[in-house]
Amino acid sequence: MFDLRELIQKVSQVKDKLELQNIKSQFLGKNSQINQEFKKLGSLNEKDRKIRASSLNNEKQKITEAINNKFKELENLEINQKLQKNKVDVTLPGRERPNGKIHPVSQVIDEISSIFSEIGFSVAEGPDVESEYNNFTALNTPEDHPARDMHDTFYLDKNKKILLRTHTSPVQIRTMLSGKAPFKIIVPGRTYRCDSDQTHAPMFHQLEGLHIDKDLTMGHLKGCLDYFVKEFFEVNKIKMRFRPSHFPFTEPSAEVDIGYRLENGRIIFGEGDKWLEILGCGMVHPNVLKNAKVDPKKFQGYAFGMGIDRLAMLKYGINDLRSFFEADFRWLNYFGFDPLDVPTNYRGLSR
Ligand code: PHE
C-alpha cells in the first residue's frame with residue numbers, strides 16, 4: 001500500500017500542471033492502487049468493510065484535496081507570472097519617434113496629388129523606360145523636330161527606339177490609348193535629361209496633367225492652374241502670368257510664371273515684380289488626340305507639365321536642386337517631413 005504522506009509530499013513538489021495530471025491519474029484513476037483497494041471491499045465482512053471503506057474514503061479525499069489545491073496553486077502561479085511579464089510601466093517615457101523623414105519631393109508629390117484630387121483628377125503612372133514613339137512621335141514631335149535635340153535624351157539602344165522618358169507627357173498617350181474619353185488625370189514621376197547644374201539634374205520629377213472632355217477651353221486650363229497655385233503655395237492672392245510658348249503637343253501653348261519678391265533672401269510669393277517659371281501647358285494638339293485614338297471633333301482639352309523639384313525648391317526655400325539627390329542625412333533631417341504627417345487639403349498641406 002502506498003504511503004499517503006509520501007504522496008502528499010510528492011504532490012507538493014510538483015512544478016507543472018502536466019506532471020500533476022499524471023500523478024492524479026496514477027493515484028486516483030481507474031487503475032490506481034486506491035481503486036484496487038475499493039474493489040477488494042466486497043470480500044470483507046460488514047464490520048471490517050465499514051472501517052476499511054471509511055479509511056479508504058478518507059485517504060482518497062486527502063489525495064484529491066492535495067492535488068486540487070496544488071492545481072489551484074499552479075494556476076495562480078501561472079497567472080501571476082503572466083501579469084508580471086505583461087506589466088506596463090506607465091512612468092516610462094513614450095517611444096521615440098521614427099528617425100526617417102519624408103523627402104521633400106515625396107512630400108510635394110503628396111501635396112500636389114491631394115490638391116488635384118479635390119477637383120476630380122486621378123493619379124496615373126507610366127514606366128521610366130519609354131519608346132521613342134510615345135515620348136516623341138505620338139506627341140506630334142516628328143524625327144526631324146528640333147524639340148528632340150532640346151530634350152538631351154538618354155537613348156538606351158543604338159537605333160534610338162528606346163529611351164529614358166524626357167518628360168511625363170508619354171503617359172498622356174498611354175492613358176488615352178488604354179481607355180475611353182473623358183480623361184482627367186495627373187501623372188507624377190521621374191524624368192531624365194542629360195543636364196546638370198544648380199537648377200537642372202539628369203533625373204528630375206515632373207507632374208503631368210491631362211483633362212480631355214467635351215467643350216473644354218483655355219479658360220478651364222487657367223482656372224485649374226490658378227486654383228492649384230493658390231492651394232500649393234497656401235496664399236489667397238497670387239500673381240500669375242501666362243506667357244505664349246511652344247510645345248509640339250499643344251496648340252496654343254503657354255508657360256506659366258508666378259510673381260514673387262525677395263525679402264532677406266526669402267521668397268515671398270504672389271507679390272513683387274520678379275517672375276519664376278513653374279510649368280508648361282496648352283490645349284492638346286488635335287494630332288496628339290488622333291494618335292491616341294481620340295476623336296478631336298468630339299473631344300478636346302488641356303495638358304500641363306510642372307517641375308516637381310522646382311516647386312519643392314520654391315515652397316521650401318531649397319536653393320540647389322542637386323541637394324535633393326545627394327542622400328545627405330543631415331540635409332534630409334532638416335528639410336524632410338514627419339512620416340506621420342500626411343498632407344491633406346483639409347488639415348493644411350505643409351503644417
Ligand atoms: N512636357 C513638357 C516639358 O517637359 C511640359 C508640358 C506638358 C507642356 C504638357 C505642355 C503640356 O517641358
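1. Buried here means under 20% relative accessible area, exposed over 50%, and partly exposed in between, with a 1.4 Å probe and protein chains only. The model is predicted: local features need pLDDT of at least 70 and side-chain atom pairs count only at pLDDT 80 or more, while totals for chains, interfaces and linings use all residues. Residues are numbered from 1 along each chain as its sequence is written, and side-chain values use heavy atoms, with hydrogens and water left out.

2. Ile318 is found in the loop between H11 and H12; helices (H or I, at least four residues) and strands (E, at least two) are DSSP runs numbered from the N terminus. Ile318 counts as buried because its relative accessibility is 4%. Leaving aside neighbours within four places in sequence, Ile318 is in contact (heavy atoms within 4.5 Å) with Pro104, Ala312, Met313, Ser323, Phe324, Trp331 and Phe335. Pro104 is 214 residues from Ile318 along the chain, and their C-alpha atoms are separated by 9.6 Å.

3. A nonpolar core is a set of buried Ala, Val, Leu, Ile, Met, Phe, Trp, Tyr and Cys residues joined through side-chain atoms within 4.5 Å. The largest one has 44 residues, of which Ile112, Phe116, Leu225, Phe228, Phe304 and Met306 touch the most other members. Elements giving two or more residues to this core include helix H5 (104-118), helix H9 (218-233) and strand E7 (250-263). H9 provides the largest share, seven residues. Apart from this core lies another, of 19 residues, among them Ala138, Ile173, Val294 and Phe299.

4. Which residues of H9 are buried? They are Leu221, Cys224, Leu225, Phe228, Val229, Phe232 and Phe233. These residues lie on the same side of H9, because they cover an arc of only 135° around the axis, taken from the directions from the helix axis to the C-beta atoms. An α-helix has 3.6 residues a turn, so residues three or four places apart point the same way.

5. Just after H9, Glu234 has a positive phi of about 55°.

6. Leu225 touches Met240, Phe242, Val256, Leu279, Cys281, Phe304 and Met306, not counting residues up to four places away in sequence. Met240 stands opposite Ile258 in E7. Strand E6 (residues 240-247) runs antiparallel to E7, joined by seven bridges; strands pair if DSSP finds at least two bridges between them. A hairpin through two residues joins E6 to E7.
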